[in-house]
Amino acid sequence: MDTAVQALGLTKRYGATTALAGLDLEVQRGEVFGLIGPNGAGKTTVMRLLLDIIRPTAGSATVLGHDPREGGSALRRRIGYLPGELRLEGRTTAGELLRHFGRLSGGVAKGTIEGIAERLGLDLARHVGKLSKGNKQKVGLVQAFMHEPELLILDEPTSGLDPLVQQEFLSLVRDAKARGQTVFLSSHVLSEIEQAADRVGVLHRGELIRLGGVEELRAGRQRRLRATVRSQPGLRAALESMGRVRGLSLVERDGEVALTLSFEGDLDMLVKTLARFEVLDLLLEEQVLEDAVIDMYRNEAS
Amino acid sequence: MNLYRRELREGRRGLLGWAIGVAAAVLLYMPFYPSVGGPELTQTYIDMFPPELAALFALEGLASGPGYAQSTYFGLLGFLLISIAAIGWGSRAVAGAEDSGTLELTLAHAVTRWQVVLETALALLTRVAALCVVGSVLVWALNGPAQLGIEPTRLLAVTLALFLLTSVTGLAALFGGAVSGRPAVATGLGALVAVAAYVLDAVARLAGAPWLARLSPYHWAYGSDPITAGFDLGGAAALAAAMAALVLLSGWRFSRRDVGTA
């Protein structure tokens, strides 16, 4: 059995709302698979279905060769899960809570909890109720990784982590992959998981609208650019001539132009176009997938 | 039994608080039996009240030590305090943990839904039993000094009745949470069972309708007056059956529904 996760027509409806509409997906053993999509796309629904926290309206899922419902606790022992909305409460310390989860999972090798906590910079002696969001997220990560499960299901694992800890998280994922563990993770932006993922699927309104390697998706990535440029004629025309530019706005003030735009495609062209002007400030960031982009993916697919 | 142990460890402070409350109830009422109870004084109260009210509050019970302990503590304050504590625990067991979002992570581990219901129910029963024991140990300690004259086995019988009765209200709350996932529904159902049990019994006595009392868990516990008559196996069996039904229905329903979407 080489498939870690398999979904066939997996569907979840809540009354008239469809959270997941017939998902077909296969994640191979040993693979790092990323699910990308804006909030409400159905990422959390997929993961909860795989852990038997909720049950499908139609279709089926197979996790490590078992139906999540039939696999029961024996199956979940082989999975490490980080919920998207992680809530930790109680008067216990982070260390005590982690040991409790370790006992539920049937034991954790000595020193593992301390090892991962140290890598992420988590103080185990602090009380969980008093931890910041980022530190709670670290507790969630430790409990997912500590029993070295065959499959890791991580819902928005990088949320709330500062960039340095994000890097350490990615190295935990690489180590897991090196040991042969499968990692199924999600994010609302590609940039936070692209270094770790082998393959990526884009989920939108409960449908998988794109599936491919990280490189393919990177090329089609939306970027938002904000820049300040010395006023000079021909700026607008030059930017518009690139094509694939949306939401262009130019505000001129005191001989400077503040510009914002959304850009998708060949970055080289954007840089070379801008280089013809005197750039005073430049900020380039990844944009959460917008409906317009998603429609474009759809059109390409059909 | 990891969930059971954790539930007890997390709840130890709350349990201590409720134990102090129960102890206070016993210590505030029992020592005063010699000054407010007894046959002559009681007749004075009964004459003061309209007959319906006297019947509602079972004032004739104040005439004897056991009757006094029954009317003040076992039938009223003890029942009230321990029921409230049990309903709180029952509501938190599934619905509270689900509502706060902590249940999702627990269920993602190697535990079953049945295990969650059974272990939290057992933790609830353990704590209810602890409160009942605290109350009755103090009643026993004051039995001599306050001239209550309660027989030891009868004290055991009424303690068992109190334990079973308050467990039913707590498990009703757990059941409400297992079905709905909502703390308000859980607490509401527990409170409804407790109030309905008390009111049905009282109304049955007022209206002289014994068939009505048969519907009331309060009557199953205290209808045969265990503090003077001793163990009532039929009543205890009815309460135990209700507890078992609530636990089984909770586990059955909780195993079949989505978690965290209420």
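Hi everyone, let me start inside the sheet of chain A: strand 3 (residues 32-36) and strand 8 (residues 199-204) run parallel to each other and pair over 4 bridges. Here F33(A) has R199(A) as its bridge partner. Strands are DSSP runs of E with at least two residues, helices are runs of H or I with at least four, both numbered from the N terminus, and two strands pair if DSSP finds at least two bridges between them.

A word on the source: this is a predicted model, where local features need pLDDT of at least 70 and side-chain atom pairs count only at pLDDT 80 or more, while totals for chains, interfaces and linings use all residues. Residues are numbered from 1 along each chain, and chains are lettered from A in the order in which they are written.

Stepping back, the sheet in chain A is open and mixed, with 6 strands in the order 5-6-7-3-8-9. Strand 5 (79-82) and strand 9 (207-213) of chain A each have a single partner strand, so one side of each lacks a neighbour in the sheet.

The largest nonpolar core has 142 residues, and V142(A), I153(A) and L162(B) have the most contacts inside it. Such a core joins buried Ala, Val, Leu, Ile, Met, Phe, Trp, Tyr and Cys residues through C-beta atoms within 7 Å; buried means 20 or more other C-beta atoms within 10 Å, with C-beta atoms placed from the backbone. Helix 9 (residues 152-180) of chain B gives this core the most, 17 residues.

Finally, where the chains touch, 18 residues come from chain B and 23 residues from chain A, contact meaning backbone-placed C-beta atoms within 7 Å. On the chain B side, helix 7 has the largest share, 4 residues.

How values were computed: Buried ≥ 20, exposed ≤ 12 C-beta atoms within 10 Å, placed from the backbone. Contact = placed C-beta atoms within 7 Å.
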